[in-house]
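Take a look at the model below. We will start with a single residue and then work through the rest of the chain.

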Amino acid sequence: LVMVFYGSNGKSNPVSMENKVEHQAKNQITYDIHLPSDLGMLYKVRLGLQSLENSISQLSPRHFKMQNTSTLDTFSLTLNKTVPLSLNGDRWIEFPVEWPLKEALSVVTYHLTVFSRNILSKRNLLRMAACIYGTHGDTGDRSLLWSLQNVQQGEDNESFLVTVDAVELGELDKVVLLISSKTDCKVDIKKLHLKEAVKEHPIYVFEVNEALSVNANKPEIEREIPVSFIMRGDKQKNDIDNNLHKEGSQTRNLTEYTIKVYTGDKRGAGTDANVHIILFGNEDKSEVFQLSQSLEHQDPFERGKVDTFKIKTKKLGSLQSIEIGHDGKGFESGWFLEKVEITDTSRNSVYCFNCNR
């Protein structure tokens, strides 16, 4: 059993589940693992089997629980998934990490359509895998030639569809193809189309247009293909155009503020509650802004840390006061706020609001 852990600071190498802890309960195995570096806030785990030498026909994990032995942070979830174990098949399952009061990413089925010239006739000799990358990490190497759907074959053209289940990747930006063969051959790939199965659009298009010479005695070929363009549906495209037009006319009247929030360096100073702020100027007051997307930390408002946020709002004039608070959610949600510094980028003015409580 092998696992890969993804966090806000990157991902681990495959971690082999070898160090079993003794005294097992029935149908339960505990492992001690050591991750080589701090991965930050974990958001997904990939689980699979390294080799298929044993005769196990399938693996069906039911429940998963993990605890950081130094911080005692714990998460658990019910899986009830089966890892398929065909020799050429996709041997991985992914699941999001669920933390209290944090919204987990969802698992998405992606449709990858391969447009090629001569792959289908050689599919029994080829090994072909793809790793899809997005703003939320990657899928790892997934086998492409094991379960083909929508197969279409013409004289000079062919295409087939592969499904990939993965924790949502966000905006897609590249695909890495890995190809090897039992015999010397040429593989002609035209392009790849990639989209979420339940949505018609957007379709991410990756242009390849290359005939690759695969040598049986040489290492597998690796090709990195960045996204060429994105096909959006007419409605989606019009919505985006309208929003851009609206934003363009509104942006001219907006002022950008940079907000630096200093959490004190005292025991229990941090909070996991949801923090909001309102700015009051001599001309107007802002709407309520939720401070959730810190530019420095995935988990904001931790002890002794500074978090920066950018907001845009109507012109307020000179800032006179702020209202800042939280919703009290979470265990020990109390928060020691040292101060808030706000920069009006249009005037280059800095305002400091001390709190110290």
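**Starting from Ser76**

Setting aside neighbours within four places in sequence, Ser76 is in contact with His63, Phe64, Lys65 and Glu98. Contact means heavy atoms within 4.5 Å. This is a predicted model, in which local features need pLDDT of at least 70 and side-chain atom pairs count only at pLDDT 80 or more, while totals for chains, interfaces and linings use all residues. Residues are numbered from 1 along each chain as its sequence is written, and side-chain values use heavy atoms, with hydrogens and water left out.

Ser76 belongs to strand E7, residues 74-78. Helices (H or I, at least four residues) and strands (E, at least two) are DSSP runs, numbered from the N terminus. Is Ser76 buried, partly exposed or exposed? Its relative accessibility is 33%, so Ser76 counts as partly exposed. The cut-offs are under 20% relative accessible area for buried, over 50% for exposed, and partly exposed in between, using a 1.4 Å probe and protein chains only. Trp99 is 23 residues from Ser76 along the chain, and their C-alpha atoms are separated by 8.4 Å.

Now step back to the whole chain. The secondary structure comes to one helix and 27 strands. Of the 357 residues, 39% are buried. Take the contacts with a separation of 6 or more: 66% of them join residues 24 or more positions apart.

**The cores**

In soluble globular proteins, nonpolar side chains tend to be buried together. A nonpolar core is a set of buried Ala, Val, Leu, Ile, Met, Phe, Trp, Tyr and Cys residues joined through side-chain atoms within 4.5 Å. The largest one here has 34 residues. Ile119, Met128, Leu177, Ile189, Leu192 and Leu194 have the most contacts inside it. Several strands each supply at least two residues of this core, among them E10 (107-116), E11 (126-134) and E17 (185-196). A second, separate core has 19 residues, including Val261, Val275, Phe289 and Trp335.

Look at Leu194 in the largest core. Beyond its neighbours within four places in sequence, Leu194 is in contact with residues including Tyr110, Ile132, Val175 and Phe206.

**Strands side by side**

Strands of a sheet pair through backbone hydrogen bonds, either parallel or antiparallel. Two strands pair if DSSP finds at least two bridges between them. Strand E22, residues 275-281, pairs with E23 over two bridges. Ile277 has Phe289 in E23 as its bridge partner.

Move on to E21 and strand E26 (residues 337-344), which run antiparallel and are joined by seven bridges. Tyr262 has Lys339 in E26 as its bridge partner. E26 also pairs in the antiparallel sense with strand E27 (residues 349-354), over six bridges. The hairpin of E26 and E27 has four residues between the strands, and Asn348 takes a positive phi near 60 degrees.

Asn354 lies in E27. Asn354 is exposed, with a relative accessible area of 59%. Not counting residues up to four places away in sequence, Asn354 touches Glu338 and Lys339. Lys339 is 15 residues from Asn354 in sequence, yet the two are 4.3 Å apart, C-alpha to C-alpha.

Thr258 sits in strand E21, residues 254-263. At 12% relative accessibility, Thr258 counts as buried. The side chain of Thr258 makes a polar contact with the side chain of Lys310, at 3.2 Å. A polar contact is a pair of N or O atoms within 3.5 Å; within protein, one must be able to donate a hydrogen and the other to accept it, and residues adjacent in sequence count only if both atoms are side-chain atoms.

**Rings and charges**

How many aromatic pairs does the structure hold? There are five. Rings of Phe, Tyr and Trp (its six-membered ring) pair if their centres lie within 6.5 Å; planes under 30 degrees apart count as stacked, over 60 as edge-to-face and the rest as tilted. Phe301 and Phe309 form a stacked pair, 5.7 Å centre to centre with 25 degrees between the planes. Phe301 and Phe309 are both buried. Ring pairs also link Phe64, Phe75 and Phe95 into a cluster.
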